[in-house]
Amino acid sequence: MIPRVLAEVVRRERPRVLAALVGFCRDVDLAEDAFQDACTRALAVWPTAGLPANPAAWLTTVARRRCLDLLRRRSRSPVVAPGAEVVTEGIDPGPEPAEFEAEFPDERLRLIFTCCHPALAPAAQIALALRHLCGLTTGEIARAFLEPEPTTAQRLVRAKNKIRLAGIPYAVPAAEELPARLETVLATLYLLFNESYASAGDDTWLRPDLGAEALRLTKLVVELLPDHPEARGLLALIALHYARRDSRLSADGEMIVLEAQDRSRWHRAEIETALAELDRALAQRRPGPYQIQAAIAALHARATEAAATDWRQIAHLYATLLEFTPTPVVQLNAAVACAFAFGLEHGLAWIDRLAAAGELADYHLLPAAQAELLRRAGRRDAALAAYDRALGLVRAPAELRYLERRRAELAAS
Amino acid sequence: MHYMILIYSNEAEWAKIPPADLPAVFEKWMGYGQALQAAGVFRAGSQLQPVATATTLRFQGGKVLSTDGPFAETKEQLGGYYLIDTPDLDSALKWAGQCPGLFNGCAIEVRPLVPGDQPESPV
């Protein structure tokens with residue numbers, strides 16, 4: 001019973017407690033060690049002493065004392081008498097919840113900005129965020145990113161060393177720097193979500209577990225910074241895509257494109273919540289790339305069937321998105337929207353221009369989009385050739401299976 | 001904390017600045033140095049002579065050997081540095097982000113110093 005309660009408390013409260021501890025001792029490693037020790041202590045004490053009224057407060061209080069212990073031990077200060085190390089022994093039940101709130105203000109926002117500091121590599125930012133803000137273990141992060149556990153462990157150690165040695169502050173950036181820094185945070189969350197959405201690994205094309213973590217983290221950022229429409233826009237974007245998680249893969253592991261998805265399997269309640277978030281963001285009249293992408297996803301979510309999709313409005317939104325992020329990938333998406341809104345040949349000509357400019361030469365979705373549009377335009381041979389180019393570039397098995405089947409169907413027609 | 005602001009640039013590109021523009025360039029660097037001083041973060045700083053003036057020593061075969069030139073031939077060379085004292089990396093990056101070289105094609109590397117005996121404020 002106690003271990004299960006503890007596991008639940010750790011899962012739910014760890015980020016909050018850890019953030020408070022880092023705020024106290026300014027050292028992520030030390031805070032982690034102290035928290036771990038407090039959990040061990042809880043396992044020893046709770047079964048006989050009973051469950052404290054506020055387990056999180058209990059853990060924080062004990063861990064904070066442990067922090068002091070460890071700091072004293074490190075400094076080997078001669079003034080500390082021997083035996084002073086065992087302060088963890090006399091344990092009181094911990095403060096009442098109200099006291100706890102007053103004594104340990106929510107420091108998670110600081111932790112977010114430290115984990116997602118632009119001086120850290122994006123992969124390190126993601127690993128730190130999953131470890132410290134989501135409470136995933138190193139092993140869980142390694143499995144999520146399909147890499148050996150020592151690789152993840154080393155990445156975390158390096159990042160923590162850099163935080164300490166380079167003096168990366170544990171602070172919410174000043175108001176004038178906040179927008180730029182928040183951009184880094186959102187970019188990290190977006191990257192994490194993309195990783196959950198279309199992973200290159202075998203049979204892990206969809207990883208709703210990572211998607212849930214990305215959603216949880218973005219919710220936290222929005223909760224802590226409610227007046228930033230791009231944060232809320234990203235939350236809507238992630239939630240809208242996440243709501244389609246059960247319709248994106250067939251029973252035999254083949255990707256299902258948006259058009260062919262069983263829309264009754266979309267999580268409607270989640271979509272409604274996401275649409276409300278998007279409306280709230282857009283009402284602030286400070287548009288940005290995440291809000292626009294969410295608006296595009298919203299138009300897809302609102303269409304009761306694929307044929308009812310408002311492609312004209314989607315094409316217009318892509319034109320706006322291109323003003324913010326004029327990247328080749330966005331151009332490719334805009335070209336596809338243009339094809340459905342204004343005629344297949346318009347879209348195909350745009351993609352041809354992209355290809356001629358040498359953009360996206362290794363990106364399988366360019367020939368895949370060409371193949372789809374050419375097939376619809378009745379240009380069978382050109383479509384088959386485009387499928388072959390896409391098949392030569394695609395890596396994820398779920399997408400490979402899809403493209404193979406589409407090509408075979410066209411070839412047999 | 002003490003941070004080195006290391007300024008890397010392509011010397012060949014610098015040599016191409018028209019002489020008429022040099023006073024304006026010089027003024028910008030002067031202004032930057034003065035701003036660092038006024039904020040009390042400046043500890044040291046200097047432009048370096050070109051790498052052609054460098055001499056590199058190595059200990060090989062029991063002897064100290066000196067060779068003409070920098071330790072490595074690179075497209076960009078260390079051209080100067082500032083040593084500043086700021087509370088954390090963010091404030092150091094903020095100062096580094098105002099370095100005039102940044103807007104003339106230089107790459108600016110910011111490195112923390114190992115804590116120890118660093119020069120104190122000259123004041």
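What share of the 413 residues of chain A counts as buried? In this predicted model, the share is 39%. A residue is buried if 20 or more other C-beta atoms lie within 10 Å of its own, exposed if 12 or fewer, and partly exposed in between, with C-beta atoms placed from the backbone. Residues are numbered from 1 along each chain as its sequence is written, while chains are lettered from A and ligands numbered from 1 in the order in which they are written. Local features need pLDDT of at least 70 and side-chain atom pairs count only at pLDDT 80 or more, whereas totals for chains, interfaces and linings use all residues.

Chain A has 19 helices and zero strands. Helices (H or I, at least four residues) and strands (E, at least two) are DSSP runs, numbered from the N terminus. Among contacts in chain A between residues at least 6 apart in sequence, 62% join residues at least 24 apart. A contact requires C-beta atoms, placed from the backbone, within 7 Å.

The mean pLDDT of chain A is 88. This score is the predictor's confidence in each residue, from 0 to 100. In chain A, 90% of the residues score at least 70. Confidence in the chain is highest in helix H12 (residues 268-282), at a mean of 98, and lowest in helix H4 (residues 97-103), at 61. Over residues 80-91 of chain A, pLDDT stays under 50. The model has 15 contacts beyond four places in sequence for that stretch.

Helices H6 (residues 122-133) and H9 (residues 178-197) of chain A pack at about 80°, and their axes are 10 Å apart. Axes are lines fitted to C-alpha atoms, for helices over the stretch in contact, and angles run from 0 to 180 degrees between N-to-C directions. H6(A) and H9(A) are therefore roughly perpendicular (65 to 115 degrees; under 35 is roughly parallel, over 145 roughly antiparallel, the rest oblique). H6(A) contributes Pro122(A), Gln125(A), Ile126(A) and Ala129(A) to the contact; H9(A) contributes Thr188(A), Leu191(A) and Leu192(A). By class, five of these residues are nonpolar, two are polar and none is charged. Ala, Val, Leu, Ile, Met, Phe, Trp, Tyr, Cys and Pro count as nonpolar, Asp, Glu, Lys and Arg as charged, and the others, Gly among them, as polar.

Two loop arginines of chain A deserve mention. Most residues other than glycine have a negative phi. Arg26(A), however, has a positive phi of about 60°. Arg26(A) sits in the loop between helix H1 (2-25) and helix H2 (28-49). It is partly exposed, with 14 C-beta neighbours inside 10 Å. Arg285(A) also has a positive phi, of about 55°. Its loop joins H12 and helix H13 (289-302) of chain A. Arg285(A) is exposed, with 7 other C-beta atoms within 10 Å.

Chain B contains an open sheet of four strands, ordered S2-S5-S1-S6 with antiparallel pairing. Strands pair if DSSP finds at least two bridges between them. Strand S2 (42-47) and strand S6 (107-112) are the edges, each pairing on one side only. Neighbouring strands are turned by 20° on average, direction ignored. Strand S1 (residues 2-9) and S6(B) share six bridges in the antiparallel sense. Ile5(B) has Val110(B) of S6(B) as its bridge partner. Helix H3 (residues 89-96) of chain B lies across S1, strand S5 (77-85) and S6, at about 155° to S6(B).

Strands S3 and S4 (residues 63-68) of chain B pair antiparallel over six bridges. Leu57(B) stands opposite Ser66(B) in S4(B). Two residues lie between the strands of this hairpin, where Gly61(B) takes a positive phi near 55°.

Notes. Two residues are in contact if their C-beta atoms, placed from the backbone, lie within 7 Å.
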